[in-house]
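Here is a structure to talk through together. Each question asks what stands behind a label, and each answer goes back to the values.

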Amino acid sequence: MGTNWDTLLAEESAKSYWTDLQRFVADERARGDVYPPEDEVFAALNATPYEEVKVVILGQDPYPGSHEANGLAFSVQNGIGVPASLRNIFTELESDLGIDRPNHGSLTHWANEGVLLLNTVLTVRADQRDSHRGAGWETFTDEVLRKVSARDEPVVFMLWGNPARSKRNLIASHHLVIESSHPSDLSAGRTSQPFYGSRPFSTANDFLKVTGREIDWRIPD
């Protein structure tokens with residue numbers, strides 16, 4: 001990964017599940033398209049070093065559409081159409097902070113601001129959502145969450161949707177947890193803790209401003 005995550009997560013590569021997982025992903029790539037590309041699988045950890053994490057946004061698995069996934073949860077490369085979940089995130093961002101929606105779907109700026117855009121599963125078979133679920137990525141990303149939770153400095157964890165919310169038990173009590181439904185079209189407006197109206201961005205900054213660590217949520221064009 002080329003950051004201090006390498007040292008923090010070094011023990012994972014020595015565990016049996018890791019060997020099985022890497023073999024599984026290699027076999028999947030040999031059979032067909034897998035997203036994101038191999039050099040972008042750990043993009044979230046590369047973009048946001050451990051000591052710079054202020055917010056964790058936890059997604060599920062990468063976008064399965066052609067060339068959509070770029071290794072950052074909910075993000076796509078410039079020039080790729082904005083998926084529905086990300087459109088809904090931009091709708092809530094505008095409602096919450098009055099920030100105009102950008103003309104692209106790259107969330108690289110957020111990653112550089114200290115937002116760890118982590119999926120629970122880091123690869124997916126083309127056009128088959130959840131196809132790599134249960135292959136071992138969850139063991140790895142749970143450890144990432146534990147490492148962030150172990151920090152003394154408070155962090156904001158945004159858990160959107162039931163798979164993300166199931167990770168709450170990994171998070172220590174001195175951090176802020178913001179829970180809601182997933183921002184997908186199927187879930188964003190659900191009446192039980194809906195994503196719409198949850199104001200996650202202002203809530204996070206209200207928590208972080210005590211230590212002067214607010215996030216600039218604006219996304220440059």
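Q: What makes the largest nonpolar core a core, and which residues have the most contacts inside it?
A: In this predicted model, the largest nonpolar core has 59 residues. A core of this kind is a set of buried nonpolar residues joined through side-chain atoms within 4.5 Å. Those with the most contacts inside it are Ile57, Trp110, Leu116, Met158 and Trp217.

Q: Which residues does Trp217 touch, leaving out those up to four places away in sequence?
A: The list is Val55, Ile57, Leu93, Leu97, Ile99, Trp110, Val115, Met158, Phe201, Ala204 and Asn205. Ile57, Trp110 and Met158, named above for their contacts inside the core, are among the residues that Trp217 touches.

Q: Why is Trp110 called buried?
A: Buried means under 20% relative accessible area. Trp110 has 1% relative accessibility, so it counts as buried.

Q: And what about Phe201: why is that residue called buried?
A: Phe201 is at 0% relative accessibility, so the label is again buried.

Q: How do you know that the buried residues of H2 line one face of the helix?
A: The buried residues of H2 are Tyr17, Trp18, Leu21, Val25 and Glu28. Seen down the helix axis, they fall within an arc of 100 degrees, so they line one face of H2.

Q: What lies on either side of H2: what do its buried residues pack against, and which exposed residues are on the face turned away?
A: The buried residues pack against strand E1 (34–35), strand E4 (124–125) and helix H6 (137–149). On the face turned away from the buried side are the exposed residues Ser16, Ala30 and Arg31.

Q: How does the span of H2 compare with the expected one?
A: H2 covers residues 16–31, which is 16 residues, and reaches 23 Å from its first C-alpha to its last. That is close to the 22 Å expected at 1.5 Å a residue.

Q: What makes the pair of Trp18 and Trp137 edge-to-face?
A: The structure holds 15 aromatic pairs, and this is one of them. Rings pair if their centres lie within 6.5 Å, and planes over 60 degrees apart count as edge-to-face. For Trp18 and Trp137 the centres are 5.9 Å apart and the planes are at 85 degrees, so the pair is edge-to-face. Trp18 belongs to helix H2 and Trp137 to helix H6, so the pair ties together parts 119 residues apart in sequence. Trp18 and Trp137 are both buried.

Q: Why is the pair of Trp110 and Phe201 called tilted?
A: Planes under 30 degrees apart count as stacked, over 60 as edge-to-face and the rest as tilted. Trp110 and Phe201 have 50 degrees between their planes, at 5.7 Å centre to centre, and the pair is tilted. Trp110 lies in helix H5 (residues 108–113) and Phe201 in helix H8 (residues 200–208), so the pair ties together parts that are 91 residues apart in sequence.

Q: Which residues do ring pairs link into a cluster?
A: The cluster consists of Phe74, Trp110, Trp160, Phe195, Tyr196, Phe201 and Trp217.

Q: What makes the charged end of Arg151 count as sitting over the ring of Tyr50?
A: The distance must be within 6 Å of the ring centre, and the direction within 35 degrees of the ring normal. The charged end of Arg151 is 5.7 Å from the centre of the Tyr50 ring, and it sits over that ring.

Q: Why is Thr120 called buried, and what does it touch?
A: Thr120 is at 7% relative accessibility, so it counts as buried. This residue lies in the loop between strand E3 (115–119) and E4. Not counting residues up to four places away in sequence, Thr120 touches Leu58, Gly59, Gln60, Trp137, Glu138, Thr141 and Lys167.

Methods
Residues numbered from 1 in each chain as written. Predicted model: local features only at pLDDT ≥ 70, side-chain atom pairs only at ≥ 80, totals over all residues. Heavy atoms only, no water. Buried < 20%, exposed > 50% of the residue type's maximum accessible area, 1.4 Å probe, protein only. Contact = heavy atoms within 4.5 Å. Helix = DSSP H or I, 4+ residues; strand = E, 2+ residues; numbered from the N terminus. Expected span 1.5 Å × (residues − 1). Arc of directions from axis to C-beta. Phe/Tyr/Trp six-rings, centres within 6.5 Å; stacked < 30°, edge-to-face > 60°.
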